[in-house]
Amino acid sequence: MKEVEELAYKEAQKVKKRQAKKIPDGLQEIYDRTSGFDQKAKNLIRDAYFFAQEAHEGQLRKSGEPYFIHLVATAKNLADLGMDAKVIAAGILHDSIEDGVATEEQLLYEFGEEILFLVDGVTKLGRVRYQGMRRHNESLRKLFVATSRDVRVLIIKFADRLHNMSTLEHVREDKRERIATETLEIYAPLAYRLGITTLSKQLEDLSFPYVYPEEYKKVREILKERSKQTLSKLERMDRSISKKLAANGMRKFRTTNRIKGTYSFYRKLERKKGDADKIYDIAALRIIVPTVADCYSVLGIVHQNYRPMVGRIKDYIAVPKPNGYRSIHTTVFTGDGGLVELQIRTEAMHLDAELGAASHLGYKKREGGDQNVDSWAVRLMGRFGSTPAGNKPLKDPKEVAPGWIDSLADHSDNPESDSFQTELKDDFFGHQIFVFTPLGEVIVLPEGATPVDFAFQVHSEVGNKMSGVKVNEKMVSLDSELKNGDIIEVLTSKQGRPTVKWLDFVKTNEARRKIRSFIEREEAEKR
Ligand code: MN
């Protein structure tokens, strides 16, 4: 018997070694999206890959595909964002505890404290649910930021959501709308504020058809009609400008097209009262050059050859946008009756504009060239101390979140946005905490609030029948102080009823008022 066991063990070891030698397709696809990773970095990703494969063995997605596909897709998205190996590994592992069979202990043992911290953060963030109340969107965005505590957690969650959105058609219809709305109202704006514009655009365009189906159809028709002519116009302009630049001695430059996203176009259309002819930046031609001096040379050559439109020349290099965005914009007449927007920038500016905060976390920053070290993203990272150098995860959210959020507020730049900026500056977190019902609904309470305040906030009847409470699955006394992120389960019974003593410790007026009125009613009945 023992021999048989030994034989089986040896056989298993052989299989493992064979697996280790042959790089599976999924893993290779992740590697292919990275560059400059050393063997140690690759091995970390490989270990995470095999670990997750085992943890999700036999599990299927709603689409019928193996669950593991979702983790490979998340990792690919993170690699596209230029994330380092730790973040990519954490992305592969992000569901292994919550949905797979792995334990925290295993993850800690195999991958260490930092990766466990990231996976844990993503799991906590997953409990925050959109409740379908637009007036609470700002609170929810703040809650997301505060809960994640580390911008890398948010980025993993974005990468996760990006794949979930692209497979949303397999999800139940009622759930589909909630997820899409949450993506559009919470995730996409946050990605935008972190400067990760490629991501916010993708998230918006994937949600748009589910959230506003009618508007989407209309916009798609307009764009379909326009983008063909726009694209050929852009290509002609590209050839024409490239020739002019070369003729003027410019050697090192490249061009790319940018077509406006459907949702972004829809928003702009609304602002222009439905007049699509007033939208000049449906498409833009980007000219990317090595140095800042080259940017101005290009601008000179362009204006010598094409008449610029008055009022549309913007030098965001000399005067960057408050969020750190740099580029020169100009809209010129093409000579055949059309207008084209040109955006002139260096490679480093381009990277910063596309990836924002993400570009300062990943390996790509080493290739960046003339990085603007004063950019808001660097300051942001510096403030809450999360650098790719592998700092210790931060333990106390109170210490971290406000500084981080301040930075976001100071540097966010979206004139059309709601009052995110000003609201953040109100030192929101100093006075309020966010706690959850067991179903993940968010309840906002003042600092120092107790389970009794929570109960009355949920419903008068819950407060009036309260007999006990579990906070994070542990029984605690009714006067305990609640903390940000606590999950609270109120126990009710027929015998439960408010007492005068509760008035000594409740913090909200609402609870106080309801307790008093209950007691008064009871007294009246006795008489
Ligand atoms: Mn996931």
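Is Val 476 buried, partly exposed or exposed? At 29% relative accessibility, Val 476 counts as partly exposed. The value falls between the 20% limit for buried and the 50% limit for exposed. The model behind this report is predicted.

## The chain overall

The protein chain has 527 residues, and 49% of them are buried. Its secondary structure comprises 22 helices and 10 strands. Consider the contacts between residues at least 6 apart in sequence. Of these, 66% join residues at least 24 apart.

## The manganese site

Which residues hold the protein donors of the manganese ion? They are His 70, His 94, Asp 95 and Asp 160. Each histidine gives its NE2 atom, and each aspartate gives an OD atom. The donors lie 2.2 to 2.3 Å from the ion. Along the sequence, the donor residues follow the spacing H-x23-H-D-x64-D.

His 70 sits in helix 4, residues 68-80. Asp 95 sits in the loop between helix 5 (85-93) and helix 6 (104-126). The pair therefore ties together parts that are 25 residues apart in sequence. Both residues are buried: His 70 has a relative accessible area of 1%, and Asp 95 has one of 10%.

## Helix 2 against helix 4

Helix 4, which carries His 70, also packs against helix 2, residues 25-32. The two axes are 8 Å apart, at an angle of about 15°. Helix 2 is therefore roughly parallel to helix 4, since angles under 35 degrees count as roughly parallel. The crossing is right-handed.

Which residues meet here? Helix 2 brings Gly 26, Glu 29 and Ile 30. Helix 4 brings Val 72, Ala 75, Lys 76 and Ala 79. By class, the contact has four nonpolar residues, one polar and two charged.

## Around Tyr 325

Tyr 325 lies in the loop between strand 3 (314-315) and strand 4 (328-333). Is Tyr 325 buried or exposed? It counts as buried, at 16% relative accessibility. The cut-off for buried is under 20%.

Leave aside the neighbours within four places in sequence. Tyr 325 is then in contact with Tyr 316, Pro 320, Gln 343, Arg 345 and Ala 353. Gly 195 is 130 residues away from Tyr 325 along the chain, yet their C-alpha atoms are separated by 8.5 Å.

## Helix 19 against helix 22

Helix 19 spans residues 451-458, and helix 22 spans residues 509-526. Their axes come within 9 Å and cross at roughly 80°. That makes helix 19 roughly perpendicular to helix 22, because angles of 65 to 115 degrees count as roughly perpendicular.

On the helix 19 side, the contact involves Val 452, Asp 453, Phe 456 and Gln 457. On the helix 22 side, it involves Glu 510, Ala 511, Lys 514 and Ile 515. The contact has four nonpolar residues, one polar and three charged.

## Back to Val 476

Where is Val 476 placed? It belongs to strand 9, residues 474-476. Not counting residues up to four places away in sequence, Val 476 touches Val 469 and Val 471.

Pro 451 is 25 residues from Val 476 along the chain. The C-alpha atoms of the two are separated by 9.1 Å.

Methods:
Residues numbered from 1 in each chain as written. Predicted model: local features only at pLDDT ≥ 70, side-chain atom pairs only at ≥ 80, totals over all residues. Heavy atoms only, no water. Donors = N, O, S within 2.8 Å, 3.2 Å for Na, K, Ca; no water. Helix = DSSP H or I, 4+ residues; strand = E, 2+ residues; numbered from the N terminus. Buried < 20%, exposed > 50% of the residue type's maximum accessible area, 1.4 Å probe, protein only. Axes fitted to C-alpha atoms, helices over the stretch in contact; angles between N-to-C directions. Parallel < 35°, antiparallel > 145°, perpendicular 65-115°, else oblique. Left-handed = near helix turned anticlockwise from the far one by under 90°. Contact = heavy atoms within 4.5 Å. Nonpolar A, V, L, I, M, F, W, Y, C, P; charged D, E, K, R; others polar.
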